Every structure is written in structure tokens, then in C-alpha cells.
Amino acid sequence: MTDWWWLDLLLAIAGGLALLWIALIVALAVAGPRGPLLREALRLLPDLLRLLRRLAADGGLPRGVRVRLVLLFAYLALPFDLVPDFIPVLGYADDAIIVALVLRSVVRRAGIEAVRAHWPGTEDGFDVLCRLTGLPLPRKES
């Protein structure tokens with residue numbers, strides 16, 4: 001403790017923000033996809049972003065879904081990340097993990113039909129999307 005209360009307050013706020021940042025990094029590491037699924041998510045990122053844009057523009061979806069998507073776009077547009085991009089692997093993986101988590105929430109709320117209708121990618125990509133969001137894989141029609 002110092003004699004200046006404002007310095008103590010500033011140090012406490014800085015320490016609290018540092019702890020919050022560490023907690024967010026740990027949460028991303030625990031909740032995010034791992035191994036091959038993370039690599040597939042990174043590869044699908046362009047299709048995922050097109051999907052999210054199409055879903056955000058769909059007025060038939062619940063407002064909460066569209067709000068989540070707008071907040072996700074705002075996060076992706078910010079010039080800073082939770083993990084700076086110059087850190088190998090994790091720098092870009094945090095964006096993919098956050099997209100996957102928001103997408104998981106959106107798909108569970110909007111339904112697989114809405115997502116399927118807006119999916120711009122391949123069938124294999126859609127299978128990866130289903131694994132990322134925790135949905136059952138669609139049955140292959142013979």
C-alpha cells in the first residue's frame with residue numbers, strides 16, 4: 001500500500017484486469033476445439049465468416065442470435081485480441097475458438113435448418129461445423 005490512494009486503486013484495477021485476461025485465456029483453452037478439429041476450424045474460417053454474415057442478415061432469426069453475431073463481428077474487427085497475433089499458433093487460434101463458441105451458441109438457438117440453409121461451403125465442411133458446434137452429424141442420404 002502506498003500513501004496515494006489513487007495509485008493503490010490503479011494498481012488494483014490493473015491487477016484485476018490481468019487476472020481477468022488470464023481467466024479468459026484459460027477458459028478459451030478449456031472450451032475450445034483441440035487438435036485436428038482446431039486445424040479444421042482454422043481452415044473453415046472463411047466459410048464460417050460468410051455463414052455468420054448470412055445468419056446475421058436473416059431477419060427471421062431470433063434477435064439474441066443476431067446480437068451475438070454482431071458482437072462477434074465487432075470483436076473480430078477490433079485491432080487487438082485476447083492473445084496477440086504475433087504469438088505462434090495461439091495468436092490466430094483464439095479467433096477460431098471464439099468463432100466456434102459463438103457459433104455453437106447460435107446453432108443451438110437458431111437450429112440446424114437455418115444454419116444448413118445459409119452454409120456456403122462443402123458437405124465435408126458442414127460435417128466439421130456440426131462437430132464444432134456439438135450437433136449430431138447429418139445422415140448421408142444414399
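A residue is called buried here when its relative accessible area is under 20%, exposed when that value is over 50%, and partly exposed in between. With that scale in mind, the tour goes through a predicted model, one selection at a time.

**The whole chain**

Begin with everything displayed as a cartoon: the protein has seven helices and zero strands, so that, by the run-based assignment of helices and strands, the order of elements from the N terminus reads α-α-α-α-α-α-α. Of the 142 residues in the protein, 34% are buried. Among contacts with a separation of 6 or more, 61% join residues 24 or more positions apart. If you switch to a surface, the protein exposes about 9,100 Å², with carbon and sulfur atoms supplying 67% of that area.

**Helix α5 at A110**

Next select A110, which is found in helix α5, the element covering residues 90-110. A110 has a relative accessible area of 19%, and because the limit for a buried residue is under 20%, A110 counts as buried. Once neighbours within four places in sequence are left aside, the residues in contact with A110 are L61 and V65.

D47 and R50 form a salt bridge in which the closest N and O atoms are 2.2 Å apart. The two partners fall into separate classes of accessibility, since D47 is buried at 16%, whereas R50, at 34%, is partly exposed.

**R116 and E123**

The count of salt bridges comes to two, and another selection, R116 with E123, shows side chains that meet in a salt bridge with an N to O distance of 2.0 Å. R116 is partly exposed, with a relative accessible area of 33%, and E123 is also partly exposed, at 41%.

**The nonpolar patch**

Finish with the surface displayed again and select W4, W5, W6, L9, L10, I13, L17 and L20, which form a nonpolar patch with about 960 Å² of accessible area together. L9 has a relative accessibility of 45% and counts as partly exposed.

Definitions and conventions. Residues numbered from 1 in each chain as written. Predicted model: local features only at pLDDT ≥ 70, side-chain atom pairs only at ≥ 80, totals over all residues. Heavy atoms only, no water. Salt bridge = Lys/Arg side-chain N within 4 Å of Asp/Glu carboxyl O. Buried < 20%, exposed > 50% of the residue type's maximum accessible area, 1.4 Å probe, protein only. Helix = DSSP H or I, 4+ residues; strand = E, 2+ residues; numbered from the N terminus. Contact = heavy atoms within 4.5 Å. Patch = residues over 30% accessible without salt bridge, like charges linked within 9 Å, V, L, I, M, F, W, Y side chains within 5 Å. Areas by Shrake-Rupley, 256 points an atom, 1.4 Å probe, with all protein chains shown as cover.
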